[in-house]
Amino acid sequence: MTCIAKENNTLLQSTQKQKDHNIVLRAKFLKAFLERHGFVNERSPRELGSPRSPREAGTALRMQCMYPIHVAAQMADVIILRILLDMGEDPQTGAFDGRTALDIAKESDRDGSHRRVVQLLADKQQVKSIAL
């Protein structure tokens, strides 16, 4: 093997290790986010106001449900949003009241606090509508 071939092979191995490391980190970030906010997985809604025990089921009201993409948008969590969108989550999924993640991000914005999230979601929705 020539010196250049060895360098290329080493570079490819290094690049693959970095990709593998990034995948592991993204999974850890997502898992921590889902656990912290009471989600079972990235595609399951979390019901707010749902009963904590079977005994409470008769009296508690189920007020609303949101998906992880909505909570990430509300919190302006660009990292989690990118992970969710890269995993194929639909930015146009409606929350309990039909609002999309973009709607929630716009409503939550205070003096540009959600600017990056709004731009990310708007770009993703535009790309998706062009693809249709």
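**Helix α4.** I looked up which residues of helix α4 (residues 101–108) are buried, and found Ala101, Leu102, Ile104, Ala105 and Ser108. Buried here means under 20% relative accessible area, exposed means over 50%, and partly exposed lies in between (1.4 Å probe, protein chains only). These residues are on the same side of α4, because they cover an arc of only 160 degrees around the axis. The arc is that of the directions from the helix axis to the C-beta atoms. I noted the general rule beside this: an α-helix has 3.6 residues a turn, so residues three or four places apart point the same way.

**Source.** The model is predicted: local features need pLDDT of at least 70, side-chain atom pairs count only at pLDDT 80 or more, and totals for chains, interfaces and linings use all residues. Residues are numbered from 1 along each chain as its sequence is written, and side-chain values use heavy atoms, with hydrogens and water left out.

**Overall layout.** I recorded five helices and two strands, in the order α-β-β-α-α-α-α along the sequence. Helices (H or I, at least four residues) and strands (E, at least two) are DSSP runs, numbered from the N terminus. Of the 132 residues in the protein, 27% are buried.

**Core.** I then checked the largest nonpolar core, which has 24 residues. Such a core is a set of buried Ala, Val, Leu, Ile, Met, Phe, Trp, Tyr and Cys residues joined through side-chain atoms within 4.5 Å. Ala73, Ile80, Leu81, Val117 and Leu121 have the most contacts inside it. Two or more residues come from each of α1, α2 (68–74), α3, α4 and α5 (115–131). Helix α3 gives the most to this core, with six residues.

**Val117.** I listed what Val117 touches, not counting residues up to four places away in sequence: Ala73, Ala76, Asp77, Val78, Leu81 and Ala105. A contact means heavy atoms within 4.5 Å.

**His37.** I found His37 in the loop between α1 (3–36) and β1 (46–48). His37 counts as buried, at 14% relative accessibility. Leaving out residues up to four places away in sequence, His37 touches Arg46, Val71 and Met75.

**Gln92.** I placed Gln92 in the loop between α3 (78–86) and α4. Gln92 is partly exposed, with a relative accessible area of 38%. Neighbours within four places in sequence aside, Gln92 is in contact with Thr100 and Gln125. I also looked up Gln92 and Leu121: they are 29 residues apart in sequence and 9.0 Å apart in space, C-alpha to C-alpha.
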